[in-house]
Amino acid sequence: MLIIFGFRSKVSQIIVMVFHCPSCNNQVANPLYRIRRYFTLFFLPVFPVSTKYTLVCTMCNSRRIISKADAEVLINSERSHPQSPLTQVRPGTSAVPPDLGSFPDKEN
Ligand SMILES: [Zn+2]
């Protein structure tokens, strides 16, 4: 019998917070992502084997991996005291409208 197994990562955006970024020194939106690595059986995720939390600066794209405890503190503080309209963005959606960059630069 052939058994196909492997690993797959699932990335989900949990919240968006406005922080001072230590890399680019800007006060910018930082989405918090949860990256879960799953053991898969016949390409179906069965159970998570690891979970990482990472903050990504939307200005310079720098990534900071934070602990689960730190992530939970951020999530709880954000849900009880929302900082900005950016945080109204639902998980899984982008803070920036996807068609923002598709406008023509000049109108003729
Ligand atoms: Zn930055």
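In the predicted model, four strands form an open sheet with the order S1-S2-S3-S4 and antiparallel pairing. The edge positions are taken by strand S1 (5-20) and strand S4 (63-66); each has a single partner strand, so one side of each is left without a neighbour in the sheet. On average, neighbouring strands of the sheet are turned by 30° against each other, direction ignored.

Valine 56 has arginine 63, in S4, as its bridge partner. Helix H1 (residues 68-80) packs on the sheet, where contacts are made with S1, strand S2 (27-41), S3 and S4. The direction of H1 makes about 50° with that of S1.

Asparagine 25 lies in the loop between S1 and S2. This residue has 10 other C-beta atoms within 10 Å and is therefore exposed, the limit for that class being 12 or fewer. Phenylalanine 43 is located in the loop between S2 and S3. Because phenylalanine 43 has 9 C-beta neighbours inside 10 Å, this aromatic residue likewise counts as exposed.

Note on methods. Residues are numbered from 1 along each chain as its sequence is written. This is a predicted model: local features need pLDDT of at least 70, side-chain atom pairs count only at pLDDT 80 or more; totals for chains, interfaces and linings use all residues. Two strands pair if DSSP finds at least two bridges between them. Helices (H or I, at least four residues) and strands (E, at least two) are DSSP runs, numbered from the N terminus. Axes are lines fitted to C-alpha atoms, for helices over the stretch in contact, and angles run from 0 to 180 degrees between N-to-C directions. Two residues are in contact if their C-beta atoms, placed from the backbone, lie within 7 Å. A residue is buried if 20 or more other C-beta atoms lie within 10 Å of its own, exposed if 12 or fewer, and partly exposed in between; C-beta atoms are placed from the backbone.
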